[in-house]
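Please look through the sequence and the model shown here before reading on. The text after it is an explanation for a reader who is new to this structure.

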Amino acid sequence: MALDNKKPTILATEVVAKSRLFKIESLDLRFSNGETRTYERMKPSGRHAVMVVPVTAEGDLLLVREYSAGTDRYELGFPKGLIDPGESAEAAANREMKEEIGFGANQLVPMKEVVLAPSYFSSRMTLFLAQELYPEQLEGDEPEPLEIVRWPLAQAEELLTHLDFAEARSITALFLALKYLS
């Protein structure tokens, strides 16, 4: 049961740091009980993202292994990326698949919209299940070719034991896809 909380009043906002990609915003807040606090968050960009769990007609999952600067290692996960301005989430999902794995999908099922660390980020990611795949390649923006990994759907839960399959959004997408497909 949810509490009937009134959102805090934002008393002041200030950009306290910025880089080429991110702006950190300080928020002075007053809560309904009179308490005040200063929070920091990534300044909302208004751009959201997609992640796609592609399943082939042969019963394989298609994943990509790519370098992740945050962990300084290669990570295994599902195709993903930002939604371009004016683009629908479905169109972005198909575009990202074509750029990263060389396939589009005739059937895209939105499974859930998720957020990562909502205390600090506002960006949302729509998770899709993709079926009825067809070959089509678009040029992506990755600095090196991505390794495409075919993984038997029947052994999907074994992905959880792999050290390089650790991204929470990919794990969530996998569980939702398995639930949808069962």
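This is a predicted model: local features need pLDDT of at least 70, side-chain atom pairs count only at pLDDT 80 or more; totals for chains, interfaces and linings use all residues.

Residues are numbered from 1 along each chain as its sequence is written, and side-chain values use heavy atoms, with hydrogens and water left out.

Side chains of opposite charge can pair when their charged atoms come close. A salt bridge here is a side-chain nitrogen of Lys or Arg within 4 Å of a carboxyl oxygen of Asp or Glu. The structure holds 17 salt bridges. One of them joins Lys-43 to Glu-25, with 3.6 Å between the closest N and O atoms. Lys-43 sits in the loop between strand S3 (36-42) and strand S4 (49-54), and Glu-25 in strand S2 (residues 23-30), so this pair ties together parts that are 18 residues apart in sequence. Strands (E, at least two residues) and helices (H or I, at least four) are DSSP runs, numbered from the N terminus. How accessible are the two partners? Buried means under 20% relative accessible area, exposed over 50%, and partly exposed in between, with a 1.4 Å probe and protein chains only. Lys-43, at 36% relative accessibility, counts as partly exposed, whereas Glu-25, at 5%, counts as buried.

Another salt bridge is formed by Glu-147 and Arg-65, whose closest N and O atoms are 3.0 Å apart. Because Glu-147 lies in strand S10 (residues 147-152) and Arg-65 in strand S5 (residues 60-68), the pair ties together parts that are 82 residues apart in sequence. Glu-147 is partly exposed, with a relative accessible area of 39%, and Arg-65 is partly exposed at 23%.

Glu-66 is buried, with a relative accessible area of 16%, while Lys-80 is partly exposed at 21%. Elsewhere, salt bridges that share partners join Arg-47, Asp-84, Glu-87, Arg-95, Glu-96 and Glu-99 into one network.

Next come the aromatic rings. Rings of Phe, Tyr and Trp (its six-membered ring) pair if their centres lie within 6.5 Å; planes under 30 degrees apart count as stacked, over 60 as edge-to-face and the rest as tilted. The structure holds three aromatic pairs. Among them is the edge-to-face pair of Tyr-67 and Tyr-74, with 5.6 Å from centre to centre and 65° between the planes. Tyr-67 is partly exposed at 39% relative accessibility, and Tyr-74 is partly exposed at 41%.

Phe-78 and Phe-165 also form an edge-to-face pair, 6.1 Å centre to centre with 90° between the planes. Phe-78 lies in the loop between strand S6 (73-77) and S7, and Phe-165 in the loop between S10 and helix H2 (168-181), so the pair ties together parts that are 87 residues apart in sequence. Both Phe-78 and Phe-165 are buried.

Which residues of H2 are buried? They are Ser-170, Ala-173, Leu-174 and Ala-177. These residues cover an arc of only 105° around the axis, which puts them on the same side of H2; the arc is that of the directions from the helix axis to the C-beta atoms. The buried residues of H2 pack against S4, S5, S6, strand S8 (103-115) and strand S9 (124-135), where contact means heavy atoms within 4.5 Å.
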